[in-house]
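Dear colleague,

Please find the structure below, handed over for your use.

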Amino acid sequence: LVVDARTDLQFDDAHIPQAVCIPMLSAGFGSKLAWLADRDQEIVFVGRDDEDGRRAARLAVAVGISKLAGFLGGGMTSWRQEKRDVARIERLPLTELKDRAEGSELQILDVRERSEWEAAHIPGSAFEPWHDIAELPDGLDGSKPIAVICGSGERAAVGASLVQRFGGSEVIHVIDGGVPKWKRLEHPLESGP
């Protein structure tokens, strides 16, 4: 498992194909990693540089993840200097989501927790908590655009990387807010399962 510990902005701009985005500078790095990492799977960390890789490894060990394969020497900077393949994820401000979705094939995936989803969600959106994404979520077409949303944009970063990893060809990370802000903008919501 390749875990990119840089910021979600750096990840979305360019990352190693199939890598998972878990920003180390955000709260909850260790718990997010513990949710996603298979204890028997080796993990390689990618940071901006070697120090980021070492720090991510220390945080992993602190939450009981010990099967570490190492970190990318020189970080993502060296990967890009060597002109190796990179993947990207589009970033879409929440304020542009409604217009983008209208009359298009855009699918919206909500990756919050079930209680949040049942309290309020965007009509027609699909649901799968970020930590349960182990394949392309049911009902989504990986060949069509998928916009990943959460409560603020942090869990959406992880969720978007997982959707891309499991077959989404055009993945969009909804940024600058999530469903609570959607409500404040007075866009339609529904509740219940």
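Strand β6 (residues 107-110) and strand β8 (residues 146-149) run parallel and are joined by four bridges. Within this pair, L109 has V148 of β8 as its bridge partner. Please note that the model is a predicted one.

β6 and β8 belong to an open sheet of five strands, ordered β5-β9-β8-β6-β7, in which the pairing is parallel. At its edges stand β5 (90-93) and β7 (126-127), each of which pairs on one side only.

Helix α5 (residues 94-101) packs on this sheet, where it touches β5, β6, β8 and β9 (171-175). The direction of α5 makes about 100 degrees with that of β5. Helix α7, in turn, lies across β6, β8 and β9, and runs at about 180 degrees to β9.

**Helix α7**

Helix α7 covers residues 154-165, twelve residues in total. From its first C-alpha to its last it reaches 17 Å, close to the 16 Å expected at 1.5 Å a residue.

How much of α7 is buried? Ten of its twelve residues are, so that the helix is mostly covered. The buried residues are R155, A156, A157, V158, G159, A160, S161, L162, V163 and Q164. Just after α7, G167 takes a positive phi of about 120 degrees.

**The four-stranded sheet**

A further open sheet has four strands in the order β2-β1-β3-β4, again with parallel pairing. Its edges are formed by β2 (20-21) and β4 (68-71); each has a single partner strand, so one side of each is left without a neighbour in the sheet.

Strand β1 (residues 2-4) pairs with β2 in the parallel sense over two bridges. In that pairing, the bridge partner of D4 is C21 in β2. Helix α2 (residues 29-36) lies across β1, β2 and β3 (43-46). Relative to β3, α2 runs at about 145 degrees.

Rolling a probe the size of a water molecule over the atoms shows where empty space is left. In the present model, one cavity of 30 Å³ or more is found, and the largest cavity has a volume of about 40 Å³. Which residues line the largest cavity? They are D8, P23, S26, K32 and E154.

With kind regards

Key:
Residues numbered from 1 in each chain as written. Predicted model: local features only at pLDDT ≥ 70, side-chain atom pairs only at ≥ 80, totals over all residues. Heavy atoms only, no water. Expected span 1.5 Å × (residues − 1). Buried < 20%, exposed > 50% of the residue type's maximum accessible area, 1.4 Å probe, protein only. Pairing = 2+ DSSP bridges. Contact = heavy atoms within 4.5 Å. Axes fitted to C-alpha atoms, helices over the stretch in contact; angles between N-to-C directions. 1 Å grid on protein atoms, 1.4 Å probe; cavity = no way out; pocket = protein on both sides within 12 Å on 5 of 7 lines; lining within 4 Å. Points joined across faces, edges and corners; volume = space filled by probe spheres on them.
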